[in-house]
Amino acid sequence: MNFQVLENQLSQIKELAVISRNAQLDGVICHIMGMVRRDDGKLQMLILQYDQGYREKLENAEIAVLTASPGELITNRIEQRGDRNLKPTLRFDSVEKVCFGDLELTSNESGSGKCGTKQWDKVALFTQFLLKGWSPVGIDTKDMGAMFLTNLTFVGTYDAIPAFDTEVPIRFSMRQDRARHLVEMPVTLTVGSEYKEKLYFTDKGSGKQHWVKINSVTLWDMWVEMSKTFDNPRLKEQVSPEELARSKAEFEERFSGMCPKGMCYPVIEYECEEDISLQFYSKRWLDAEAIHKNSALSVFMKPDEPMGKLGLKLKAAMIQEPMMANTVNIEAELFHYSQTGKAEDIVLAKNA
């Protein structure tokens, strides 16, 4: 870094307004620093978040590294469960609107970054706020290295920071978002079998129970499907024989390492609550050592029929582990589900 870089960083902020309002949400200290107008006219709200639980995880992780046994096995289960992922709880990443009384601002972008003394751009920003009278109440004695700064960028460009009432509560309205919930429920999947009863599963975090009605378990042969694609007369009309042959050879070379000929992917078609989707893995894969590959399969599975046996939308999940074409029983787990939802609004009153 040099002084020119520092000067450019400081000049990006044309105007700032201090708010200094804080609250504690689910054990996370959330502090509204204020608003800034940048040199491109963008208006942003800056929010600091301090998660004490995250700080403790960092400390425990450091201890675990020092005390880990040589050659300790890291399984796919551990990776998929996120046991080793050090992620803080951030409450403002899905904000849609911010309201100060009659002033309503719509957020179209957000981002969060870790703070610390090595993050000189953030230190420079904090210094600018401190010189304008900012009081980091509630977080002034906390470890900066365990804090995250969230930027909410609002729609439009501004010639000045809009006037807002500093006495009224600030309301943050959230947008729809998807969240992943751990289940880890063992289930035996039988290819070609009928599932007459609903299966009930429990969210390991909240304890809430949900259900799924499996319609079918089949084996999907990617080689057969891709052969149909390459043999499609319409495709042969659109590309030359040389291009088609080259594409087919590239596919076979890349895909043979992931799924050799004669092997298939299990596909589960199911019905459940409208806003929920499920992820299954085989127990064998979950308990195996995690191996990171440079290539991965990404396939969107669409059921042949739109509706299931219960009259609800039919969904499909693929176990991305190739299995022999004569496989019948699969010891698997309904590992997690994803659910679309909207978090409750956050309302921050003026500091007492």
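## Two helices, α1 and α4

Helix α1 (residues 3–11) packs against helix α4 (residues 120–131) at an angle of about 50 degrees, and their axes are 10 Å apart. Helices here are DSSP runs of H or I with at least four residues, strands are DSSP runs of E with at least two, and both are numbered from the N terminus. The axes are lines fitted to C-alpha atoms, for helices over the stretch in contact, and angles run from 0 to 180 degrees between N-to-C directions. Two packed helices are described in general by the angle between their axes and the distance between the axes. Angles under 35 degrees count as roughly parallel, over 145 as roughly antiparallel, 65 to 115 as roughly perpendicular and the rest as oblique, and α1 and α4 are therefore oblique to each other.

On the α1 side the residues V5, L6, Q9 and L10 take part, and they meet W120, D121, A124 and Q128 in α4, where contact means heavy atoms within 4.5 Å. The residues of this contact of α1 with α4 comprise five nonpolar, two polar and one charged. In this grouping Ala, Val, Leu, Ile, Met, Phe, Trp, Tyr, Cys and Pro are nonpolar, Asp, Glu, Lys and Arg are charged, and the others, Gly among them, are polar.

## How to read the model

This is a predicted model, in which local features need pLDDT of at least 70 and side-chain atom pairs count only at pLDDT 80 or more, while totals for chains, interfaces and linings use all residues. Residues are numbered from 1 along each chain as its sequence is written, and side-chain values use heavy atoms, with hydrogens and water left out.

As a general point, strands of a sheet pair through backbone hydrogen bonds, either parallel or antiparallel.

Within this sheet, strand β2 (residues 28–38) runs antiparallel to strand β3 (residues 43–51), and nine bridges join them, with V28 having D51 in β3 as its bridge partner. Strand β3 also pairs with β6 in the antiparallel sense over seven bridges, and here the partner of L48 is L149 in β6. Strands β5 and β6 likewise pair in the antiparallel sense over seven bridges, and S110 stands opposite L152 in β6. Seven of the eight residues of β6 are buried, so β6 is largely enclosed by the rest of the structure; buried means under 20% relative accessible area, exposed means over 50%, and partly exposed lies in between (1.4 Å probe, protein chains only).

## Where the helix meets the sheet

Residue I13 belongs to strand β1 and is buried, with a relative accessible area of 11%. Not counting residues up to four places away in sequence, I13 touches V36, R37, R38, L125 and Q128. The C-alpha atoms of I13 and D39 are separated by 6.0 Å, although these residues are 26 residues apart along the chain.

The axes of helix α5 (residues 222–230) and helix α7 (residues 241–256) come within 11 Å and cross at roughly 170 degrees, which makes α5 roughly antiparallel to α7. The contact involves M222, W223, M226 and F230 of α5 together with L244, S247, K248, F251, E252, F255 and S256 of α7. By class, the contact of α5 with α7 has seven nonpolar, two polar and two charged residues.

Strand β8 (residues 177–190) and strand β15 (residues 329–341) run antiparallel and are joined by 12 bridges, with R178 having T340 in β15 as its bridge partner. Strand β12 (residues 276–282) also runs antiparallel to β15, through seven bridges, and the partner of S282 in β15 is A332.

## Two residues with positive phi

S20 has a positive phi of about 55 degrees although it is not a glycine; S20 is located in strand β1 and is buried, with a relative accessible area of 14%. E184 has a positive phi of about 55 degrees and is not a glycine either; E184 is located in strand β8 and is buried, with a relative accessible area of 12%.

Technical notes:
Two strands pair if DSSP finds at least two bridges between them.
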